[in-house]
Amino acid sequence: MLAVLLLTACASFRAPEVPMRTIDITPRHPGHCLVVLLPGRYAKPEVFRSSRFAEAVSSRGLPIDLVAADAHLGYYRERSVVERLRIDVIEPARKLGYREIWIAGTSLGGLGGRHVHAHGGCQCR
């Protein structure tokens, strides 16, 4: 029984994609601050659209752009989350002109943000 549970748990991990998939939550305006949102353990980046993050930012007139990365559990399992975020999300954003990049997340995504910062994935807040 335990073996079946373990096999089922391992099979439920999604395989990491290269490049990491992202979705724009707000239109991009290089020069603004970019906030990279990382979802929780079983969530997809679309959760940030349905949670009305964009409305909260625009209603306050904040010069912030939001992008959500599909940094799912498979990236953490393969220990590639920091590298993929750096190569697929952060470096392209810098090339577009973003000078200030923040990493934020919910649940596992919050831990992922700390992991990116601690392991030199970017000089982000």
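## The main nonpolar core

Let's start on the inside. The largest nonpolar core has 21 residues, and Val36, Leu38 and Leu85 touch the most other members. A nonpolar core here is a set of buried Ala, Val, Leu, Ile, Met, Phe, Trp, Tyr and Cys residues joined through side-chain atoms within 4.5 Å. Buried means under 20% relative accessible area, exposed means over 50%, and partly exposed is in between (1.4 Å probe, protein chains only). E2, E3, helix H4 (73-77), H5, E4 and helix H6 (108-118) each supply at least two residues of this core. H5 gives the most, with six residues. Apart from this core lies another one of 10 residues, including Ile23, Ile25, Val35 and Ala68. As a general rule, nonpolar side chains tend to be buried together in soluble globular proteins.

Leu38 has quite a list of contacts (heavy atoms within 4.5 Å). Leaving aside neighbours within four places in sequence, Leu38 is in contact with Phe48, Ala69, Ala71, Tyr76, Leu85, Ile103, Ala104, Gly105, Thr106, Gly109, Gly112 and Gly113.

## Where the model comes from

Keep in mind that this is a predicted model: local features need pLDDT of at least 70, side-chain atom pairs count only at pLDDT 80 or more, and totals for chains, interfaces and linings use all residues. Residues are numbered from 1 along each chain as its sequence is written, and side-chain values use heavy atoms, with hydrogens and water left out.

## The chain as a whole

Now zoom out. The protein chain has six helices and four strands, and from the N terminus on they run α-β-β-α-α-β-α-α-β-α. Those elements are DSSP runs, numbered from the N terminus: helices are H or I with at least four residues, strands are E with at least two.

Of the chain's 125 residues, 38% count as buried. Take the contacts between residues at least 6 apart in sequence: 81% of them join residues at least 24 apart. The chain exposes about 7500 Å², and carbon and sulfur atoms supply 58% of that; accessible areas come from the Shrake-Rupley method with a 1.4 Å probe, and for residues only the protein chains shown count as cover.

## The sheet

The four strands form an open sheet in the order E1-E3-E2-E4, with mixed pairing. Strand E1 (22-24) and strand E4 (101-105) stand at the edges with a single partner strand each, so one side of each has no neighbour in the sheet. On average, neighbouring strands are turned by 25° against each other, direction ignored. Such angles are taken between axes, which are lines fitted to C-alpha atoms (for helices, over the stretch in contact), and run from 0 to 180 degrees between N-to-C directions.

Two strands count as paired if DSSP finds at least two bridges between them. E1 and strand E3 (residues 64-69) pair in the antiparallel sense over three bridges. Within that pairing, Ile23 has Ala68 as its bridge partner in E3, while Thr22 has Ala69. Helix H5 (residues 81-96) packs on the sheet, touching E1, strand E2 (33-38), E3 and E4, and its direction makes about 140° with that of E4.

How many of the six residues of E2 are buried? Six of six, and that leaves E2 mostly covered. Cys33, Val35 and Leu37 are buried on one side, and Leu34, Val36 and Leu38 are buried on the other.

As for E3, five of its six residues are buried, so it is largely enclosed by the rest of the structure.

## An aromatic pair

There is one aromatic pair here. Rings of Phe, Tyr and Trp (its six-membered ring) pair if their centres lie within 6.5 Å; planes under 30 degrees apart count as stacked, over 60 as edge-to-face and the rest as tilted. Phe48 and Phe53 make an edge-to-face pair, 5.1 Å centre to centre with 85° between the planes. Phe48 is buried, at 2% relative accessible area, whereas Phe53 is partly exposed at 29%.
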